[in-house]
Amino acid sequence: MASRNNKPLALHTLVAKTVQEQKLAAQARRLRLHTDLLSVTVHGNARQLEIIVSNLLSNAIKFAPERGQVQ
């Protein structure tokens, strides 16, 4: 059953926003963030997807070697 909060979302926009929000954390660890975003539309809950992408990126930043790269 589909949630009322589900709608078509531009995934690249959501990822780009999350990357921007995490830039300070990456800079503190001297990490380079690199994205290669395709224009993909997904159907889902924007808030839940933002949380998922944010958690993935936050973990990548946390566990990447200092002065490394997160792609």
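Colleague: What should I know before I start?

Modeller: The model is predicted, so local features need pLDDT of at least 70 and side-chain atom pairs count only at pLDDT 80 or more, while totals for chains, interfaces and linings use all residues. Residues are numbered from 1 along each chain as its sequence is written, and side-chain values use heavy atoms, with hydrogens and water left out.

Colleague: How many helices and strands does the chain have, and in what order do they run?

Modeller: Start with the rule. Helices (H or I, at least four residues) and strands (E, at least two) are DSSP runs, numbered from the N terminus. Here there are two helices and four strands. From the N terminus on, the order is β-α-β-β-α-β. The C-alpha atoms fill a box of roughly 45 × 20 × 15 Å along the principal axes.

Colleague: What share of the residues is buried?

Modeller: Buried means under 20% relative accessible area, exposed means over 50%, and partly exposed lies in between (1.4 Å probe, protein chains only). In this chain of 71 residues, 24% are buried.

Colleague: What about contacts across the sequence?

Modeller: A contact means heavy atoms within 4.5 Å. Take the contacts between residues at least 6 apart in sequence. Of these, 86% join residues at least 24 apart.

Colleague: How do I check the length of a helix such as H2?

Modeller: Compare its reach with its expected span, which is 1.5 Å times one less than its number of residues. H2 covers residues 46-63, which is 18 residues. From first C-alpha to last, H2 reaches 26 Å, close to the 26 Å expected.

Colleague: Which residues of H2 are buried?

Modeller: Ala-46, Val-53, Leu-57 and Ile-61. They lie on the same side of H2, because they cover an arc of only 75° around the axis. That arc is taken from the directions from the helix axis to the C-beta atoms.

Colleague: What covers them, and what sits on the other side?

Modeller: The cover includes strand S1 (6-10), helix H1 (11-28), strand S2 (32-33), strand S3 (41-45) and strand S4 (69-70). On the other side of H2, Arg-47, Gln-48, Leu-56, Lys-62 and Phe-63 are exposed.

Colleague: What happens at the start of H2?

Modeller: Look for a polar contact. That is a pair of N or O atoms within 3.5 Å; within protein, one must be able to donate a hydrogen and the other to accept it, and residues adjacent in sequence count only if both atoms are side-chain atoms. Here a side-chain oxygen of Asn-45 reaches to within 3.0 Å of the backbone nitrogen of Arg-47. Asn-45 lies in strand S3. At 11% relative accessibility, Asn-45 counts as buried. Leaving aside neighbours within four places in sequence, Asn-45 contacts Asn-5, Asn-6 and Leu-9.

Colleague: How many salt bridges does the structure hold?

Modeller: A salt bridge is a side-chain nitrogen of Lys or Arg within 4 Å of a carboxyl oxygen of Asp or Glu. The structure holds three. In one of them, Lys-17 pairs with Glu-50, the closest N and O atoms being 3.4 Å apart. This pair links distant parts of the chain: Lys-17 is in H1 and Glu-50 in H2, 33 residues apart.

Colleague: And the others?

Modeller: Arg-30 and Glu-66 meet at 3.2 Å, N to O. This pair also links distant parts of the chain. Arg-30 is in the loop between H1 and S2, and Glu-66 in the loop between H2 and S4, 36 residues apart. Arg-30 is partly exposed, at 49%, and Glu-66 is partly exposed, at 45%. Then Arg-47 and Glu-50 form a salt bridge at 3.2 Å, N to O. Both lie in H2, three residues apart, about one turn of the helix.

Colleague: Which residues are linked in a network of salt bridges?

Modeller: Lys-17, Arg-47 and Glu-50. Lys-17 is partly exposed, with a relative accessible area of 40%, and Arg-47 is exposed, at 52%.

Colleague: Where is His-34, and what does His-34 touch?

Modeller: His-34 is in the loop between S2 and S3. Not counting residues up to four places away in sequence, His-34 touches Gln-69, Val-70 and Gln-71. His-34 is partly exposed, at 38% relative accessible area.
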